[in-house]
Amino acid sequence: MALVPTLLALGGGVLLGLRLGGSLDRLTRFRIYGFPIAVAAIALEVIVRLVSTSGGWTTWVHILACLLGLVVVWVNIRIPGLALIGIGLVLNLIPTVINGGMPTSLWAMETAGLVDADDATVVVVSGPRHVATADDSLRFLGEVIPLPTHQVLSVSDLFVLAGLFFLTAAAMRGRRVRTHASTDYRRDIAPLGRGPAPRRGPGMHPAMRYRPKPPPDVEDF
């Protein structure tokens, strides 16, 4: 993913978190389940983005990084923002798996100023990407969004960036998505007590005082 939009998403999340009463201290103490898996996924993604090789093993490493990321999303789905990141990872995997790599629009690269129109026939992209052709499927899910920062994003990148934005704000507030499902019935009813108090002393229990009397038996003549 592009560095500048990522930093903007994180910075925007920090500002929103502060605006909603969060703190940087909570952000530094924020933890997720499967943190080592998340670190491994990020490290793999950084590696394939830095190498000059295009396709081949870089595509498989990218797919593995996305799958590891989905595992982390699944076990932390209650944290706001991670659902959006999960959607982004799925939308990234679909065109990558179908086309053997992420198709990147030549028009988008020209518009972003990454290549010149005169050199379009010799453009080679690195990492798990390739220049989009007419043979690619679902090209609209590829990298088709040019940025003035000389970068090209995909629709999946937008979901991931939005997820990072809300995740950062939620981490600063220490918030998680609440769920109301429970399988422990005894624990749920414990605050209600143990029912009515037992009867003490002589007399009829109040609940039995106003019971209607049964009708008298009628004999046939």
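Trainee: How much space lies in the largest pocket, and how do I read that value?
Mentor: About 1,200 Å³ of space lies in the largest pocket. A pocket is found on a 1 Å grid over the protein atoms alone: it is an open set of points where a 1.4 Å probe fits, with protein on both sides within 12 Å along at least five of seven lines. Grid points are joined across faces, edges and corners, and the volume is the space filled by probe spheres set on the points. Note the source: this is a predicted model, where local features need pLDDT of at least 70, side-chain atom pairs count only at pLDDT 80 or more, and totals for chains, interfaces and linings use all residues. Residues are numbered from 1 along each chain as its sequence is written, and side-chain values use heavy atoms, with hydrogens and water left out.

Trainee: Which residues lie closest to the centre of that pocket?
Mentor: Lining residues have an atom within 4 Å of a point. Here 34 residues line the largest pocket, and Ala38, Ile42, Ile85, Val160 and Leu164 are the closest to its centre. By class, the lining has 23 nonpolar, 7 polar and 4 charged residues. Ala, Val, Leu, Ile, Met, Phe, Trp, Tyr, Cys and Pro count as nonpolar, Asp, Glu, Lys and Arg as charged, and the others, Gly among them, as polar.

Trainee: Which elements give two or more residues to this lining?
Mentor: Elements are DSSP runs numbered from the N terminus: helices (H or I, at least four residues) and strands (E, at least two). The chain has 8 helices and 4 strands. Helix H1 (3-19), helix H3 (35-50), H4, H5 and H7 each give two or more residues to the lining. H3 gives the most, with 9 residues.

Trainee: How many residues line the second largest pocket?
Mentor: The second largest pocket has 16 lining residues, with Ala2, Arg49, Arg129, Gln151 and Val152 nearest its centre. About 330 Å³ of space lies in it. Strand E4 (residues 151-154) supplies the largest share of its lining, 3 residues. The classes come to 8 nonpolar, 4 polar and 4 charged residues.

Trainee: Now the core. How many residues does the largest one have?
Mentor: In soluble globular proteins, nonpolar side chains tend to be buried together. A nonpolar core is a set of buried Ala, Val, Leu, Ile, Met, Phe, Trp, Tyr and Cys residues joined through side-chain atoms within 4.5 Å. Buried means under 20% relative accessible area, exposed over 50%, partly exposed in between (1.4 Å probe, protein chains only). The largest core has 16 residues; Val73, Leu82, Ile85, Leu89, Leu153, Leu164 and Leu167 have the most contacts inside it. Helix H4 (57-75), helix H5 (82-99) and helix H7 (155-173) each give it two or more residues. Another core, of 7 residues, lies apart from it, and includes Ala112, Val115, Val123 and Val152.

Trainee: Is Thr58 buried or exposed?
Mentor: Thr58 counts as buried because its relative accessible area is 0%. Thr58 sits in helix H4. Contact means heavy atoms within 4.5 Å. Neighbours within four places in sequence aside, Thr58 is in contact with Val48, Val51, Thr53, Gly127 and Pro128.

Trainee: How many aromatic pairs does the structure hold?
Mentor: Rings of Phe, Tyr and Trp (its six-membered ring) pair if their centres lie within 6.5 Å; planes under 30 degrees apart count as stacked, over 60 as edge-to-face and the rest as tilted. The structure holds 1 such pair. Phe165 and Phe166 form it, edge-to-face, at 5.1 Å centre to centre and 80 degrees between the planes. Phe165 is partly exposed because its relative accessibility is 25%. Phe166 is also partly exposed, at 40%.
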